[in-house]
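Please open the structure in your viewer and keep the sequence panel beside it. The stops below say what to select next and what is to be found there.

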Amino acid sequence: MTVNIRATEAGTTAEPLDILALYRTMVTARVTNDMLKTRKTQGRFPFYIGCAGHESMAAVVAALNPDDWMALYYRDLAAWLQRTGDTYAPLREVYSRTTGPMGAGRNMPSHYSSKHHRILPTFSEVGALAPFAGGIGFSLQWHKRKEIIMFTTGDGGAATNDFNVLFRQASVHKLPVLMVVEDNGWAITVPSVIQWGGSLVEWAKGGGVYAEEVDGTDTMTTYEASVRLVEHVRSGQGPALMHLRLGLLDPHSSSTDIKSYRTKEEIEATTATKDPVINFGRWLVEHGYLQEADIERTRKEVRAELERAESEVLQEPEPTSDRVKQHILYVPEWQENTSRGTKKQSSMLGAINEALVELAQRDPGFFVYGQDVGSPKGGVFGATASLVTQFPGRAISSPLNEQLIVGIAAGAGMVDGKARCAEIQFVDYHQSAAQTIRMAARTSYQSYGDWTVPLIIRTKSGSGGGGPISSGGAGGGAFGHSNAGEQWFTCIPGMITICPATPFDAKGLLLEAARAQSPVTFLERGRLYRSDPPKDSQGNIIQAIAEYWNVPDGYYTLPIGKARRLRIGNGPSSMAIISWGTMVLESCTAAANIVNRNGGAIEVVDLRTLSPFDEEAVAAAAREANRVIVVTEEYDLTSFGRHLHSWLVQNCFYDLDATPAFISALPAPAAPYNAPEENAFYPSAKTIEEKIEELLAE
Ligand SMILES: Cc1ncc(C[n+]2csc(CCOP(=O)(O)OP(=O)(O)O)c2C)c(N)n1
């Protein structure tokens with residue numbers, strides 16, 4: 001029987017509600033839950049987290065259109081079933097079958113995910129999908145699409161930074177986002193009064209968001225409220241928040257003993273009054289849609305169907321260990337791509353401006369999002385100045401919140417399958433976005449390649465303004481403005497990290513980064529933005545690298561993961577210096593000074609891409625020179641430079657005539673502001689020169 005509940009609502013485009021199908025979906029969720037709970041206690045799999053008490057979420061999903069986007073959390077089995085109708089999927093995931101659509105058996109059960117059904121990949125980190133959901137909403141609005149996104153979380157989840165970021169993304173930009181807080185009264189053992197002060201609804205309204213408190217134990221009330229809220233969002237009036245009151249009928253998860261933190265009376269009262277499946281069944285009988293006997297008959301039918309499905313699923317293949325490295329990283333396959341444009345002398349900042357304009361020209365969906373980037377100044381460093389003039393609206397100024405920025409670009413990339421660019425003003429300030437960045441990089445692995453997060457994070461990094469360190473004071477960036485940054489990104493599986501040293505490489509690599517399906521961190525060294533090519537101590541420009549200050553007009557790309565090998569001097573190299581960014585310029589100066597004095601040649605390997613780095617080039621350089629120095633601007637603690645040094649020892653030991661040397665900044669938080677301490681903090685051409693002399697003498 002179909003009840004066209006929304007037919008009376010003027011202007012609605014939604015499908016009429018099939019009330020009995022909705023009930024059956026809720027029963028299916030509950031019966032699946034009860035069956036899997038038992039299977040867990042029988043030791044059939046390691047973990048289960050259930051949905052009992054949250055089945056009315058099916059009614060919220062019924063108020064959405066099938067092409068709307070959803071970011072669910074682990075209690076949303078009913079929402080999953082209402083959208084997909086796929087009763088096999090929860091069984092496939094719980095039994096880790098390769099046929100599982102949420103991660104091919106790779107993730108814990110109840111982590112809903114399906115690109116096909118527009119369900120974002122649920123993370124175990126509570127609330128972590130929220131900033132991505134804001135990015136999805138941003139993209140839908142940008143493309144003037146009719147779909148909306150629903151984000152769900154528990155009452156505990158409402159307290160996370162991530163959720164508060166989504167709230168701000170949605171309210172500031174008036175995004176088409178429905179936020180549903182499924183308040184079952186508990187976050188493991190903590191009651192929901194601990195999660196926020198006052199009223200959630202009033203809090204939302206104060207931020208300019210339409211909000212309602214809804215009784216989620218009553219399915220028809222939930223459905224009607226959902227229709228109202230969804231229509232508000234779809235009409236373009238901005239986001240809405242639903243505070244959905246529910247009861248938690250089971251323990252938090254299979255790992256929790258419910259009686260250890262909830263009283264017998266409270267559990268009994270919750271069971272008696274807050275069961276949405278029982279309440280809805282009663283309502284259907286009272287209103288003549290079902291007979292009393294239909295309740296038990298439905299349950300039995302569903303149970304029989306699920307047992308049949310389970311026996312089929314148990315015949316399906318299990319993952320094998322040989323796939324453990326699949327879907328970690330997607331480096332684009334480079335195609336030789338030489339620009340026919342005229343070459344001109346350019347700064348790195350000019351080259352970055354050009355690359356961003358090229359991207360905007362080629363892709364109408366490309367934008368840069370970050371603090372100040374939409375101002376005529378083009379961000380504090382001027383990297384988006386050309387974009388602002390030539391493509392107004394494609395450089396968009398954001399609120400001051402780095403997690404918010406990354407979430408917008410990451411989510412938007414998930415809609416389009418193409419990288420959008422987040423600008424983080426100084427790499428030191430990426431820290432509030434660290435979780436979102438890590439999740440973005442994990443997504444393809446977790447979802448077994450179903451979802452990817454194409455994303456570029458451009459950020460100023462390393463020592464402050466001016467030219468290379470040897471040309472003067474290091475810049476006064478001090479705390480908060482001068483961290484190298486690669487130590488924070490090269491340790492993230494699934495992340496590409498690039499750090500160019502020259503304008504030519506900066507443009508070509510930035511254009512290639514936009515082709516990647518894995519997120520890319522693009523470290524722009526502040527000292528290189530306006531730097532000239534490096535010189536030796538006699539003031540001669542070092543030709544081996546100077547040519548890369550000539551930048552062609554138009555589009556060209558350079559390969560990710562390939563180093564540039566620079567030979568300073570003539571003949572076989574007596575030393576290989578491995579570096580990147582500003583330290584390439586310092587290394588070239590040091591090498592030129594030595595070669596001027598001693599003759600011969602020294603090779604400077606400019607890694608360009610730090611992760612994945614060019615192992616072949618590094619090994620070849622070590623094999624030829626038999627002596628190696630790694631030079632990094634990072635502080636001397638666990639760092640990318642240390643990793644590279646250790647890699648050399650492990651892989652090139654028998655090619656080396658001396659212990660590989662390591663040069664870095666000091667093990668201090670950052671370079672101090674005053675010049676004497678600052679200069680003592682960073683390595684410079686002088687430090688490198690001394691080390692070369694020392695190592696050559698060994
Ligand atoms: C960021 C984060 N912190 C802690 C945890 C551990 N944890 C898992 S579920 C949970 C409680 C979540 O409560 P709530 O959002 O109210 O959802 P409920 O389980 O009650 O439905 C906690 C603390 C986590 N997964 N993620």
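Which residues lie nearest the centre of the largest cavity? Select Leu72, Tyr73, Phe123, Glu125 and Gly127, which lie nearest the centre among the 14 residues that line the largest cavity. Before going further, note that this is a predicted model, in which local features need pLDDT of at least 70 and side-chain atom pairs count only at pLDDT 80 or more, while totals for chains, interfaces and linings use all residues. Residues are numbered from 1 along each chain as its sequence is written, and side-chain values use heavy atoms, with hydrogens and water left out.

**Cavities**

A cavity is a set of points, on a 1 Å grid over the protein atoms alone, where a 1.4 Å probe fits but cannot get out, and its lining residues have an atom within 4 Å of a point. Grid points are joined across faces, edges and corners, and a volume is the space filled by probe spheres set on the points. By this rule there are three cavities of 30 Å³ or more, and the largest cavity has a volume of about 110 Å³. Its lining divides into eight nonpolar residues, five polar and one charged, where Ala, Val, Leu, Ile, Met, Phe, Trp, Tyr, Cys and Pro count as nonpolar, Asp, Glu, Lys and Arg as charged, and the others, Gly among them, as polar.

Next, select Thr32, Leu36, Tyr48, Leu77, Pro90, Glu93, Met102, Pro109, Ser110 and Tyr112, which line the second largest cavity, a space of about 50 Å³. Helices α1 (19-41) and α4 (88-94) each supply at least two residues of this lining, helices being DSSP runs of H or I with at least four residues and strands runs of E with at least two, numbered from the N terminus. By class, the lining of the second largest cavity has seven nonpolar, two polar and one charged residues.

**Helix pairs**

On α1, Leu22, Thr25, Thr28, Ala29, Thr32 and Asn33 meet Leu77, Ala78, Leu81 and Gln82 of α3, contact meaning heavy atoms within 4.5 Å. These residues divide into five nonpolar, five polar and no charged.

Now select helix α5 (residues 130-142) and helix α14 (residues 402-416), whose axes come within 6 Å and cross at roughly 60°. That makes α5 oblique to α14. Among the residues of α5 that meet α14 are Gly134, Gly135 and Phe138, and their partners in α14 include Gly407, Gly411 and Met414. The contact of α5 with α14 has nine nonpolar, six polar and one charged residues.

For the next pair, take helix α19 (residues 582-598) and helix α23 (residues 685-697), which pack at an angle of about 50° with their axes 8 Å apart. That makes α19 oblique to α23. Their contact includes Glu586, Ala590 and Arg597 of α19 and Ile688, Glu689 and Ile692 of α23, and by class it has seven nonpolar, four polar and four charged residues.

**Backbone stops**

Most residues other than glycine have a negative phi, and most peptide bonds are trans. Select Ser96 in the loop between α4 and α5, where it has a positive phi of about 50° although it is not a glycine. Finally, select Ser611 and Pro612, which are joined by a cis peptide bond with omega near 0°; Pro612 lies in the loop between β19 (609-611) and α20 (615-625).

Methods
Axes are lines fitted to C-alpha atoms, for helices over the stretch in contact, and angles run from 0 to 180 degrees between N-to-C directions. Angles under 35 degrees count as roughly parallel, over 145 as roughly antiparallel, 65 to 115 as roughly perpendicular and the rest as oblique. On a 1 Å grid over the protein atoms alone, a cavity is a set of points where a 1.4 Å probe fits but cannot get out, and a pocket is an open set with protein on both sides within 12 Å along at least five of seven lines; lining residues have an atom within 4 Å of a point.
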